[in-house]
Amino acid sequence: GMVREVLARAVPKVVASETRVEAVMNNVVYAARSAGHFIHQELFRNTPQNLPPLGLPRLKLRALPGDHAVLTLVDPAAAEVELRATFTPPVGYRAWLSDILRLEAFTAGGAAAAGAMDLELWVP
């Protein structure tokens, strides 16, 4: 179907802004050659605050389920605009310390993929 066709043309890349970072992953490409892929590299939003010593959350992926994935990190304050959703902290908590993380993983055929995701999250 259409999802399979889009995935077949997807090129691994990362696009970052001040409120969002989106990474298109292709585990088939990664298995064949790791050059130019974003597994094991830090993903973070592109903001002036992301320089030491202040810093913002950073994510390093170690493993993703499925053959293709789209990983999105969003500033919680921008989630309503970026993701069309709000994420209210649980009662008794002040605010989110990390970005909102969304993972969409697919098989080569375009079906939703199941499995474990291994990641390292750094929160300043």
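Predicted model: local features only at pLDDT ≥ 70, side-chain atom pairs only at ≥ 80, totals over all residues.
Colleague: What share of the residues of the protein chain counts as buried?

Modeller: The protein chain exposes about 7,700 Å², and carbon and sulfur atoms supply 58% of that area. Residues count as buried when their relative accessible area is under 20%. Of the 124 residues in the chain, the share that counts as buried is 32%.

Colleague: In which order do the three strands of the open sheet lie, and is the pairing parallel or antiparallel?

Modeller: Strands of a sheet pair through backbone hydrogen bonds, in either a parallel or an antiparallel manner. In this open sheet of three strands the order is 3-4-7, and the pairing is antiparallel. Strand 3 (42–43) and strand 7 (118–122) each pair on one side only, so the edge strands are strand 3 and strand 7.

Colleague: Which residue in strand 7 is the bridge partner of Arg58?

Modeller: Arg58 is found in strand 4, which spans residues 58–63 and pairs with strand 7 in the antiparallel sense over five bridges. Within strand 7, the bridge partner of Arg58 is Trp122.

Colleague: Is Arg58 buried or exposed, and over the ring of which residue does its charged end sit?

Modeller: Arg58 counts as buried because its relative accessible area is 16%, and the cut-off for buried is under 20%. A polar contact of 3.0 Å joins the side chains of Arg58 and Glu42. The charged end of Arg58 sits 4.0 Å from the centre of a ring and over it, and that ring belongs to Phe44.

Colleague: Which side chain does a polar contact of 3.0 Å join to that of Asp99?

Modeller: Asp99 lies in the loop between helix 3 (79–83) and strand 6, and it counts as buried because its relative accessibility is 9%. Not counting residues up to four places away in sequence, Asp99 touches residues including Pro57, Leu73, Val74 and Arg45. The polar contact of 3.0 Å joins the side chain of Asp99 to that of Arg45.

Colleague: Why does Ala105 count as buried?

Modeller: Ala105 lies in strand 6, residues 100–106. Leaving out residues up to four places away in sequence, Ala105 touches Pro65, His68, Ala69, Ala111, Ala112 and Ala113. With buried defined as under 20% relative accessible area, Ala105 counts as buried because its relative accessibility is 11%.

Colleague: Does Val11 count as buried or exposed, and at what relative accessibility?

Modeller: Val11 lies in the loop between helix 1 (2–9) and strand 1 (13–16). The C-alpha atoms of Val11 and Asn26, which are 15 residues apart along the chain, are separated by 7.4 Å. Because exposed means over 50% relative accessible area, Val11 counts as exposed, at a relative accessibility of 53%.

Terms used: Residues numbered from 1 in each chain as written. Heavy atoms only, no water. Helix = DSSP H or I, 4+ residues; strand = E, 2+ residues; numbered from the N terminus. Buried < 20%, exposed > 50% of the residue type's maximum accessible area, 1.4 Å probe, protein only. Contact = heavy atoms within 4.5 Å. Lys NZ or Arg CZ within 6 Å of the ring centre and 35° of its normal. Pairing = 2+ DSSP bridges. Polar contact = N/O pair within 3.5 Å; in protein donor to acceptor, adjacent residues only side chain to side chain. Areas by Shrake-Rupley, 256 points an atom, 1.4 Å probe, with all protein chains shown as cover.
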